[in-house]
Amino acid sequence: MNEYLTISEAANLIGKSKETLRRWDREGKLLALREPISNYRKYRRQEVLDLLLDFKDEEPQIGNINFVKPNKDYWVLELFAGAGGLAVGLEQAGLKCIAVNEIDKFACETLRKNRPKWEIIEGDIKNFKFSEYKNKVDVITGGFPCQAFSYAGKKLGFKDARGTLFYEFARVVKEVKPLICIGENVRGLLNHNGGKTLEGMISILDEIGYNVVPVQVLKAINYKVPQKRERLILVGVRKDLNTNFEYPKPYSKIYNLKDALFKGELYDCDVPKSLGVKYPKSKKDVLDLVPPKGYWRDLPIEIQKKFMGGSYYLGGGKTGIARRIGWDEPCLTLTCSPAQKQTERCHPEETRPFTIREYARIQTFPDNWEFSGSIAQQYKQIGNAVPVNLARELGYSIINFLNKNQGLSNVKR
Ligand SMILES: C[S@@+](CC[C@H](N)C(=O)[O-])C[C@H]1O[C@@H](n2cnc3c(N)ncnc32)[C@H](O)[C@@H]1O
């Protein structure tokens, strides 16, 4: 079966008009690739199918459809916490944070500065025991970095995963026995090592007493985030409970860069001024020629050739190179560094990368969430985060699950 679809094939498959697909491409809801020579839109079959799944049960809405109030205090232990994108989103949903673990000293400073009352367990997760949190924690969350396992036998067992950070995540879950554990990761985990890495994770969670809910990749743009970022969510539910976890429902309203940086529905003022990096003159001179929503193909042909060097002749869209974001589209996924050749995200009007506060807004951090360390460290912390608004919606799903299972709550206080 062909992995790529034309716009007509994609429109047929999804039951929408080509015009709708063009609009969705502009809005970032379903992003098309471009044929290198003809520039025609092409769609990844899997992405079209994923979108169909997103909207299978009901038409998405606007408002606050996932909101649910906690029936009591529920406590989270957050691992691999970074600068706190996931943790602060869960807090906004109404969950309470008992402690966070993180190895990076600047990220820990960020967490301490913003939440002096949280217990920050600073250092390599491998060096800590967490059994003291047994009976004190309902939820364990964590964005463990993805690593391959080396398979000794056919099926991956808990002990075989030793040495990986997923092993550490599972070890903490085993020590603490929360009602539910949530791992977050990049979409790439789906196909990592031909799908075996994810399969191994699911079998380990099963071995330590957790049923895994069918894995979903959530698109941040469906959850009030002005950025085309995706997060894979891995949910384990303790086997003595019902596996009745429901993912947050997607919203139909898509926010764009203008919503991120100006006063409006997402923020009640324009983005505050802040530091940021600049392009070297040679790069700025080139990017000056690219219009909003344009990329290297919008340059005069001679400059294209010079800028792209050998890769000009290699084919492929390379749509992230010399890319300038438009005000009326969600930003492309932010990375750990704001000026990378393959994943450029230039400001729409000024020829420069986004500043620290602009970066933070695109990830939907509140303006008063401060970051520590050098500018490069700050960009890295922001680029690594789960968008706060996506985390908040996920938090509502967790609360909903815990409300339904509250008679069994872990916390003895
Ligand atoms: C993808 S980031 C997590 C982002 C975070 N969930 C957020 O929303 O901001 C992964 C984090 O794991 C941390 N990390 C990596 N190895 C670690 C280890 N051995 N022990 C503790 N933390 C570790 C990294 O420093 C990084 O901040």
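Helices (H or I, at least four residues) and strands (E, at least two) are DSSP runs, numbered from the N terminus. On that basis, α4 (85–93) and β5 (96–102) each supply at least two residues of the shell around the ligand. This is a predicted model: local features need pLDDT of at least 70, side-chain atom pairs count only at pLDDT 80 or more, and totals for chains, interfaces and linings use all residues. Residues are numbered from 1 along each chain as its sequence is written.

**Domains**

- The domain assignment of the protein chain gives domain 1 (4–54), domain 2 (75–254 + 388–408) and domain 3 (257–384); such bounds come from an automatic or database domain assignment.
- Between the C-alpha centres of domain 1 and domain 3 the separation is 24 Å.
- Six residues of domain 1 contact six residues of domain 3, where contact puts the C-beta atoms, placed from the backbone, within 7 Å.
- On the side of domain 1 that touches domain 3, α2 (18–27) and β2 (33–34) are the elements giving two or more residues.
- The residues on that side of domain 1 are two nonpolar, one polar and three charged.
- For these classes, Ala, Val, Leu, Ile, Met, Phe, Trp, Tyr, Cys and Pro count as nonpolar, Asp, Glu, Lys and Arg as charged, and the others, Gly among them, as polar.

**Ligand shell**

- Of the 20 residues around the ligand, Phe80, Gly82, Gly85, Ile103 and Ala385 come nearest; a residue is near if its C-beta atom, placed from the backbone, lies within 6 Å of the molecule.
- The shell around the ligand has eleven nonpolar, six polar and three charged residues.

**Annotated sites**

- The unreviewed UniProt entry annotates Cys146 as "active site".
- UniProt positions are given in the numbering used here, feature names are shortened, and annotations may be inferred rather than shown by experiment.
- Cys146 sits in the loop between β7 (139–142) and α6 (165–176).
- Cys146 counts as partly exposed because it has 19 C-beta neighbours inside 10 Å.
- A residue is buried if 20 or more other C-beta atoms lie within 10 Å of its own, exposed if 12 or fewer, and partly exposed in between, with C-beta atoms placed from the backbone.
- Beyond four places in sequence, Cys146 contacts Asn185, Val186, Leu189, His192 and Thr197.
- The unreviewed UniProt entry also places "domain: HTH merR-type" on residues 6–43.
- The end C-alpha atoms of residues 6–43 lie 6 Å apart, and the span is 47% helix and 16% strand.

**Nonpolar cores**

- A nonpolar core is a set of buried Ala, Val, Leu, Ile, Met, Phe, Trp, Tyr and Cys residues joined through C-beta atoms within 7 Å.
- In the largest core, of 93 residues, Val139, Ile140, Ile180 and Ile398 touch the most other members.
- Helix α13 (residues 388–404) gives the most to this core, with nine residues.
- This core lies between domain 2 (75–254 + 388–408) and domain 3 (257–384), because both give residues to it.
- A second, separate core of eight residues includes Ala10, Leu21, Ala32 and Tyr43.

- Asn389 lies in helix α13.
- Asn389 is buried, with 23 other C-beta atoms within 10 Å.
- Outside four places in sequence, Asn389 touches Gly89, Tyr223, Lys224, Val225 and Thr364.
- Asn389 and Gln363 are 26 residues apart in sequence and 8.0 Å apart in space, C-alpha to C-alpha.
- Helix α12 (residues 375–384) has Gln378, Tyr379, Lys380, Gln381 and Ile382 buried.
- The cover over the buried residues of α12 includes α5 (105–114) and α11 (356–362).

Conventions:
Two residues are in contact if their C-beta atoms, placed from the backbone, lie within 7 Å.
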